[in-house]
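I opened this model to look up its sheets, its cores and its domains. My entries follow.

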Amino acid sequence: MTDAESFYLILALFYLVECLKLLPPGTKAIANPIGRGKFWTPRSELVRFMGIGKWLFLAPLVPWPGIMIVTSNRKPNTNESALRFARRFSVLRKRTHVLRVLSFSIFTFFFLVLPYLYFLQRGTAAFLISISIGYFMMFTAAFLQFRIRRKILPNEKSGWITHTLYTALLPWHAMRCTDQLFFDYTRHWSWPAVLAAHADSPSARKHLLRLWRNSRWGKKPRYSIEVLKPILEEAGVDANSSINFNHSCGTAKQCPCCLASYQPNYDHCPDCGDIELLNHHQ
Ligand SMILES: [Zn+2]
């Protein structure tokens, strides 16, 4: 294996590790592969590492235009607002647009342009100039990242320096420099408000309605009806429309939360745990 091949193998490995996110237990994630439109989909964790108290998620593999944001599993306050979240998120996207495109340019430069230049100009001074262009892009990304972070996360000063240094010095981190920025900004939002802010996406809407059904029929629901109702109303989601029992299943029972059908000998839904199955006439 040549030096260049070893370099790219290491770069690719570090990049993949950078796409894997170790986040606190209970973290909820939602991702959009093209960054806009109705493609927001809740993303489950890959593994739960109970020993170290972390859950592992995989972010979109290309830094732009895909976006993943995360929230904690905290209970929403009564004044949670999906619209407020949607507005603030829209401002964040505008602020980070140039940085996200730049991180994608760094990704393209290191994985496509630089190998091509190396092939053309093996060992020449021009190749070293190409490397310095890559680092110039990384320094620019570090500066932009610092400015945005200082503005939107004024109280998290330790992150200002750490992430700026990582972005300036590590190519794989510079390619993913907006990931942590998004996570740090959105992690305090409540999961139902984030889902409701993206309720025009079928998958997010489906997930939100399932939370509502769980609060309606679950014995120990995570979120109360009182908290979810205003969030759903604000997002224009009609919760009653989700109670859509399938009457064609004869005598079978149905879970009111996940809407799966079961044989009459089942009493509780094995997927939803504590939820009692209903007969169709209920
Ligand atoms: Zn169920």
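**Ground rules.** I am working on a predicted model, where local features need pLDDT of at least 70, side-chain atom pairs count only at pLDDT 80 or more, and totals for chains, interfaces and linings use all residues. I number residues from 1 along each chain as its sequence is written.

**Entry 1, the three-stranded sheet.** I take helices (H or I, at least four residues) and strands (E, at least two) as DSSP runs, numbered from the N terminus. Two strands pair if DSSP finds at least two bridges between them. I looked up the strand order first. It is S1-S5-S4, an open sheet of three strands with antiparallel pairing. S1 and S4 are the edge strands, and each pairs on one side only. From one strand to the next, the twist averages 25°; angles run from 0 to 180 degrees between N-to-C directions, with axes as lines fitted to C-alpha atoms, for helices over the stretch in contact.

**Entry 2, partners of S5.** S1 (residues 20-23) is joined to S5 by four bridges. S4 (residues 47-49) is joined to S5 by three bridges. What stands opposite Trp55? I find Leu23 and Arg48. Phe49 stands opposite Lys54. Four residues lie between S4 and S5 in their hairpin, and there Gly53 takes a positive phi near 65°.

In S5 (residues 54-58), Trp55 and Phe57 make the covered face. Lys54, Leu56 and Leu58 make the uncovered one.

I call a residue buried if 20 or more other C-beta atoms lie within 10 Å of its own, exposed if 12 or fewer, and partly exposed in between, with C-beta atoms placed from the backbone. How many residues of S6 are buried? Five of its five are. Ile67, Ile69 and Thr71 point one way, and Met68 and Val70 point the other way. S6 pairs with S2 in the antiparallel sense, over five bridges. Ala29 stands opposite Val70 there.

A nonpolar core here is a set of buried Ala, Val, Leu, Ile, Met, Phe, Trp, Tyr and Cys residues joined through C-beta atoms within 7 Å. The largest has 31 residues, and Ala193, Val194, Ala196, Leu208 and Leu232 have the most contacts inside it. Elements giving two or more residues include S2 (28-32), S5, S6 (67-71), H8 (202-217) and H9 (225-234). H7 gives the most, with six residues. Next I checked Leu208. Leaving out residues up to four places away in sequence, Leu208 touches Pro192, Leu195, Ala196, Ala199, Leu232 and Val237; contact means C-beta atoms, placed from the backbone, within 7 Å. A second, separate core has 16 residues, including Leu102, Ala141, Ala174 and Cys177.

Which residues of H6 (residues 177-186) are buried? They are Cys177, Thr178, Asp179, Leu181, Tyr185 and Thr186. Their cover includes S6, H2, H3 (125-152), H4 (157-169) and H5 (171-175).

The bounds come from an automatic or database domain assignment. That assignment gives domain 1 (3-191) and domain 2 (245-282). The centres of domain 1 and domain 2, taken over C-alpha atoms, are 42 Å apart.

Terms used
Two residues are in contact if their C-beta atoms, placed from the backbone, lie within 7 Å.
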